[in-house]
Amino acid sequence: MKRIILAGAMALLAACGSSGNSSSSGSATTAAASVTTAGSASNTAPAATSATSGTDATATTISGTGDTITIDNFGDMPPKCIELLSSFLKKIEPAASAIQWDKATLRDFEAFTDKYKTESDAFDTETAAAGCNKYNLSGSDSKQFEQMAQLASTEAPGTLGFINFLGALSANATATAGSVPADCAGTIAAIEPYLTKGVMKDLTMAEVTKFGQLMSAVSNVCNDTESSAFFARDDVNAFIKG
């Protein structure tokens, strides 16, 4: 079963993942690890995202098992899978409805996912037992989020803000992926303001996405000496690890 929270976390991981530059891989991986912690629900809260007929260039495919079944519409999922998802959404609804997701920080996201780790683990077990992980929904991420939001609005309205937040986060990551400076000095200059905002956990999720893209860009546009010097900076490491 394709995971909706994974879609949000994937955007962050792609932004903060380490690059091929060995000189920067240590610190870049540290950034990725921090974001992975915040996106821990990607490993614990699977959800059947919506699907549309056909596929397109922006479709994201996440395999289930060796006998994965690709379907075009959310309604083609076995009723048991939809029932389990609806039940899970209802469990997270009280906490999800209390958060202003457009202002949520990495710290907020981390606390939210940690709060429901037990329930999420149980959901993983139940959906696997029901064979839900065999199903993969085709279609663009935006339309999958849209249909997922339709389910949430009916079954657990308090989670709608969270679902829309993840959809916006995914879209933002795609829209801004190419909007980073093309030179080393410019990229590092763009990172500097973030380092004055406390620690990475104090950033909003949208800021984390942009910060991660810039960190990844350092590894791509700076030479080994420049990137090594940047990733060795005490303020950079303190910001990421704080």
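Which side chains meet in a salt bridge at 3.9 Å, N to O? Those of Lys 80 and Glu 83 do. The model is predicted: local features need pLDDT of at least 70, side-chain atom pairs count only at pLDDT 80 or more, and totals for chains, interfaces and linings use all residues. Numbering runs from 1 along each chain as its sequence is written, and side-chain values use heavy atoms, with hydrogens and water left out.

**Salt bridges**

- A salt bridge here is a side-chain nitrogen of Lys or Arg within 4 Å of a carboxyl oxygen of Asp or Glu. By this rule the count is eight.
- Lys 80 and Glu 83 sit three residues apart in helix α3, so about one helical turn separates them. Helices are DSSP runs (H or I, at least four residues), numbered from the N terminus.
- Lys 80 is partly exposed at 43% relative accessible area. Glu 83 is also partly exposed, at 49%. The classes are buried (under 20% relative accessible area), exposed (over 50%) and partly exposed in between, with a 1.4 Å probe and protein chains only.
- Glu 110 and Lys 201 pair at 3.2 Å, N to O. This pair links distant parts of the chain, 91 residues apart: Glu 110 is in helix α4 (residues 106-115), and Lys 201 is in the loop between α8 (184-191) and α9.
- Glu 110 is buried at 10%, whereas Lys 201 is partly exposed at 26%.
- Asp 235 and Arg 233 meet at 2.6 Å, N to O. Glu 192 joins these two in a network of salt bridges.

**Nonpolar core**

- A nonpolar core is a set of buried Ala, Val, Leu, Ile, Met, Phe, Trp, Tyr and Cys residues joined through side-chain atoms within 4.5 Å.
- The largest core has 52 residues, and Leu 89, Phe 162 and Phe 211 touch the most other members. Helix α3 (residues 79-97) gives the largest share, nine residues.
- Beyond four places in sequence, Phe 211 contacts residues including Tyr 194, Met 200 and Phe 239. Contact means heavy atoms within 4.5 Å.

**Helix α9**

- Helix α9 (residues 205-221) has 17 residues. Of these, 13 are buried.

**Thr 159**

- Thr 159 lies in the loop between α6 (141-155) and α7 (160-175). Thr 159 is buried, at 0% relative accessibility.
- Its side chain reaches the backbone oxygen of Ala 156 at 2.7 Å.
- Leaving out residues up to four places away in sequence, Thr 159 touches Leu 89, Ile 92, Glu 93, Ala 96 and Ala 152.

Terms used
Helices (H or I, at least four residues) and strands (E, at least two) are DSSP runs, numbered from the N terminus. The expected span of a helix is 1.5 Å times one less than its number of residues. A polar contact is a pair of N or O atoms within 3.5 Å; within protein, one must be able to donate a hydrogen and the other to accept it, and residues adjacent in sequence count only if both atoms are side-chain atoms.
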